[in-house]
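Could you have a look at this one with me? I've put my notes below as numbered points.

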Amino acid sequence: MPVTTTTDLFRLQAPSPEDMVSFHEDGYLALPDVLGDEALGGLIDEILAHETVAEFLSKPEPEREAGLGIRNWDNKQFWSDQLFDAPFVSALLQALNSDGFHFCHSTIGLTSRGAERLRFHQDHHHWNHDNQINIEERDRWYIQMLYYPVGFTRGDAELYVIPGSHRVAPLPHVTGESLLVGEHDEEAERHLDFRALELPPGSMVFLNARCFHGVSPKPADSTQEYRILFNYVFKEIGPPHRYTQPIPPHWLEGASAYRRSLFDREAYSPEIWPLTNK
């Protein structure tokens with residue numbers, strides 16, 4: 001049964017006013033070394049014990065695929081269960097001007113040596129489809145909390161972002177390339193350029209999903225065997241996004257009123273809105 005009493009996962013209790021100014025200006029907030037040591041070790045152990053991850057890593061490295069992606073991550077254990085509503089997680093969401101949030105879904109990703117780059121993209125699904133419900137929801141928050149338990153260095157599967165790109169309506173003609181050649185600077189009210197991040201183990205990136213981001217290749221001779229990412233996604237109260245998952249019944253056992261409010265929403269289905277583009 002999941003444990004719903006939070007402990008000190010994070011080194012911070014709340015973002016500073018300066019943190020939130022930076023988030024609104026750039027579309028993301030990098031939080032280096034924000035996970036406590038015990039929580040970090042526990043989360044890594046839980047991920048490596050995940051059946052699919054363990055099977056992937058049991059193969060000799062030359063036989064592995066370039067990466068592994070798991071959606072949804074449902075078998076939460078002691079530490080991962082607390083990341084729905086830990087005080088710092090709740091403080092980040094509550095610092096945004098919103099009607100409240102629902103949990104959307106969570107994922108695990110491993111990037112192996114030799115992986116190719118992930119091109120610049122944005123992840124706000126209501127901009128990728130053209131139903132009336134999508135159009136009405138496009139300006140509501142869609143938040144990703146990207147955790148990097150083993151960190152990454154520049155040039156080695158690092159996250160790169162285009163600060164300020166969240167201010168550009170991500171219509172089909174908007175691409176990473178068009179953002180970087182100045183075509184959308186006027187709409188963004190700033191010069192747009194990319195920024196390559198470097199983060200130590202235990203870091204998190206608080207990301208407005210409309211902010212364009214990508215990942216560099218992971219060299220075949222990287223000193224890091226694999227990079228780990230896990231992602232908790234929250235959407236502003238309203239209709240489901242493309243990957244808003246069903247809530248496993250055991251997640252509700254012993255849940256607080258606040259946690260129940262995060263889970264009190266519909267999962268995505270084509271009957272609510274059909275896929276129109278991708």
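Here are my points, going from the ground rules to strands, rings and charges.

1. Ground rules. This is a predicted model, where local features need pLDDT of at least 70, side-chain atom pairs count only at pLDDT 80 or more, and totals for chains, interfaces and linings use all residues. Residues are numbered from 1 along each chain as its sequence is written, and side-chain values use heavy atoms, with hydrogens and water left out. Helices (H or I, at least four residues) and strands (E, at least two) are DSSP runs, numbered from the N terminus.

2. Start with strand β8. It is mostly covered, with 6 of its 6 residues buried (buried is under 20% relative accessible area, exposed is over 50%, partly exposed is in between; 1.4 Å probe, protein chains only). Ser-203, Val-205 and Leu-207 point one way from β8, Met-204, Phe-206 and Asn-208 point the other way, and all are buried.

3. What β8 pairs with. Two strands pair if DSSP finds at least two bridges between them. Strand β1 (residues 28–31) runs antiparallel to β8 and is joined to it by 4 bridges, with Ala-30 opposite Val-205. Strand β5 (residues 142–148) is also antiparallel to β8, over 6 bridges, and here Met-145 stands opposite Phe-206.

4. There is an open sheet to look at too. It has 4 strands in the order β4-β9-β6-β7, with antiparallel pairing. β4 (118–121) and β7 (195–196) are at the edges with a single partner strand each, so one side of each has no neighbour in the sheet. Strands β6 (residues 159–161) and β9 (residues 213–215) pair antiparallel over 3 bridges, and Val-161 has His-213 as its bridge partner in β9.

5. Now the rings. The structure holds 24 aromatic pairs (rings of Phe, Tyr and Trp, using the six-membered ring of Trp, with centres within 6.5 Å; planes under 30 degrees apart are stacked, over 60 edge-to-face, the rest tilted). Phe-23 and Phe-206 have ring centres 4.8 Å apart and planes at 35°, so this pair counts as tilted. Phe-23 is in helix α1 (residues 17–26) and Phe-206 in strand β8 (residues 203–208), so the pair ties together parts 183 residues apart in sequence. Phe-23 and Phe-206 are both buried.

6. A second ring pair worth a click: Phe-103 and Phe-263 are edge-to-face, 6.1 Å centre to centre with 75° between the planes. Phe-103 sits in strand β3 (residues 101–112) and Phe-263 in helix α9 (residues 257–263), 160 residues apart. Phe-103 and Phe-263 are both buried, and they belong to one aromatic cluster whose members include Phe-10, Trp-73, Tyr-147 and Trp-251.

7. The charged end of Arg-71 sits over the ring of Tyr-243, 3.7 Å from its centre (the rule is NZ of Lys or CZ of Arg within 6 Å of the ring centre and within 35 degrees of the ring normal).

8. On to salt bridges. A search of the whole structure finds 15 (a side-chain nitrogen of Lys or Arg within 4 Å of a carboxyl oxygen of Asp or Glu). Arg-190 and Asp-26 meet in one, at 3.0 Å, N to O. Arg-190 is in the loop between α8 and β7 and Asp-26 in helix α1, so the pair ties together parts 164 residues apart in sequence. Arg-190 is partly exposed at 25% relative accessibility, whereas Asp-26 is buried at 11%.

9. Glu-225 and Arg-64 form a salt bridge at 2.7 Å, N to O; Glu-225 is partly exposed at 30% relative accessibility, while Arg-64 is buried at 14%. Arg-259 bridges to Asp-81, with the closest N and O atoms 3.0 Å apart. That pair links helix α9 to helix α4 (residues 78–81), 178 residues apart, and Arg-259 and Asp-81 are both buried. Arg-11, Asp-33 and Asp-37 are linked in a network of salt bridges.
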